[in-house]
Amino acid sequence: MHCHDSSADSVLANGGSIALVGHPNVGKSAIFNQLTGQHVTISNYPGTTVEVMRGKVAVLEDTVLVDTPGVVTFPSLSEDERVTERVLLDGNLEVILQVGDAKNLRRTLLLTIQLAEMGYPMLLALNMMDEAGQRGLKIDLDCLAETLGVPITPTVAVRKDGLTKLPQALKSARPAALHLKYSPGIEQVVSQIVDICATIWQEINSVSPRSLALMFLSRDRVAEEWLAGRLAPEDYQRLEIVRGEAQATSLELLGMQIQQTRIALANQLAAQALEESGATGNRVGNVLGHLTMHPLWGAPILAGVLLAVYYFVGIFGAGTLVGLLEENLFGGIINPWLIQTIESLIPVRWITDLFVGQYGLWTMGVTYAVALILPIVATFFLAFGVLEDSGYLPRLAALSNRVFKTLGLNGKAVLPMVLGLGCVTMATLTTRVLESKRDRLLVTLLL
């Protein structure tokens, strides 16, 4: 394994699109804001309710940065992840900027391997280097960069450390030198798929044929739709036959074989790059993390956390704060004064009703938005952010997953369902944390 030469250093010389990709909560938003400044466009990805942000990179002329939703791995499972994958397949990208979590190097590298296989020029921004150091982790960045064949920039996004180097580093982005070989059976089927799809490879400027073949073998729904939309029906049917025959001769799912090979390589790369273990890290955090998943103590801790969230959001946010703002501030001070002022200035009844009547723009629209919705949403996402940043959210979902699986949901549904005991309106708003439109609709109906 070796690095590519420097002939690709001007990959962004004529502008292009950069996809910002990474796991959830790795600092992508902070890096996006630093690179784009204030000029940002937010829109739903076509055919979805998932928001995608775009902005021009301030110091790179005519270069657009696309902030994709957080993705754990491919094949994509949630609607957010499917949008990220569609951006990678359809985006005609010049560069992928992966933001990785330095303190979870193996997890980061597993996604890096999959992105590297797509064939785009890449840059890895290894974020949270300060937290990695606090855990006793020391990463040999030069060794890792040489092995992957892509430049690596260490960053601490919350302090803006290393972010000023990213624009220049993006110019040196290049396709990874890493080439992962799978079992002979997988490699043979990949070659067959690439040959069948040969008619479309010359017409696209997208991911590598090999990467698409691996996605198709893994039964990636987005890749299947992408290929089905570009291949003749008889060619796509041949792909399904080839995949079916390969699966019939294998005792294990093809997608599982592919993922296990990637995991083994990610572990190997991490072992080479980590110069010190994290054993000297935060022992209190490790003990608490173990207790939250303990067979005996996990359930009481879960109940305590849910009770705390319920009291903070359902009682304090939807009760106390809403009461103070809606009844005392708006109902007792702002609205009476504004109604009296507008009625004295504008004697026409229907005009005053439009602004300060029972269903007026101010008395209902602004009052409800600021006094009712704002405190509920603010307290919920404050609590949700604490759960995410502490690392307890996936544990909460895992512990409650068995209960909600019987309803056709996953463990994340526990948050809106518990909060619905206090305020159904608030709980309905918080269903946006669920990953799919189906789950959001089902929880809304249950509420």
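Guide: A residue is called buried when its relative accessible area is under 20%, exposed when that area is over 50%, and partly exposed in between. Please keep in mind that the model is predicted. R262 has a relative accessibility of 5%, so R262 counts as buried. The side chain of R262 meets that of E117 in a salt bridge, with a distance of 2.9 Å from N to O. In general, side chains of opposite charge can pair when their charged atoms come close.

The count of salt bridges comes to 13, and another of them joins D235 to R238, whose closest N and O atoms are 3.6 Å apart. Here both partners sit in helix α11, 3 residues apart, which is about one turn of the helix. D235 is buried, with a relative accessible area of 16%, whereas R238, at 45%, is partly exposed. Elsewhere, salt bridges that share partners bring D101, K103 and E131 together into one network. R159 and D161 form a further salt bridge, with 3.2 Å between the closest N and O atoms, and D161 is partly exposed because its relative accessible area is 32%.

Within α10, which spans residues 221-228, the buried residues are V222, A223, E224, W226 and L227. At the start of this helix, a side-chain oxygen of D220 reaches to within 3.0 Å of the backbone nitrogen of V222.

For a contrast with these charged pairs, one may turn to the surface, where V348, W350, L354, F355 and L361 form a nonpolar patch with about 510 Å² of accessible area together. Helix α15 (residues 349-356) gives the most to the patch, with 3 residues. L354 has its place in helix α15, and L354 counts as partly exposed because its relative accessibility is 42%.

Technical notes
Residues numbered from 1 in each chain as written. Predicted model: local features only at pLDDT ≥ 70, side-chain atom pairs only at ≥ 80, totals over all residues. Heavy atoms only, no water. Buried < 20%, exposed > 50% of the residue type's maximum accessible area, 1.4 Å probe, protein only. Helix = DSSP H or I, 4+ residues; strand = E, 2+ residues; numbered from the N terminus. Polar contact = N/O pair within 3.5 Å; in protein donor to acceptor, adjacent residues only side chain to side chain. Salt bridge = Lys/Arg side-chain N within 4 Å of Asp/Glu carboxyl O. Patch = residues over 30% accessible without salt bridge, like charges linked within 9 Å, V, L, I, M, F, W, Y side chains within 5 Å. Areas by Shrake-Rupley, 256 points an atom, 1.4 Å probe, with all protein chains shown as cover.
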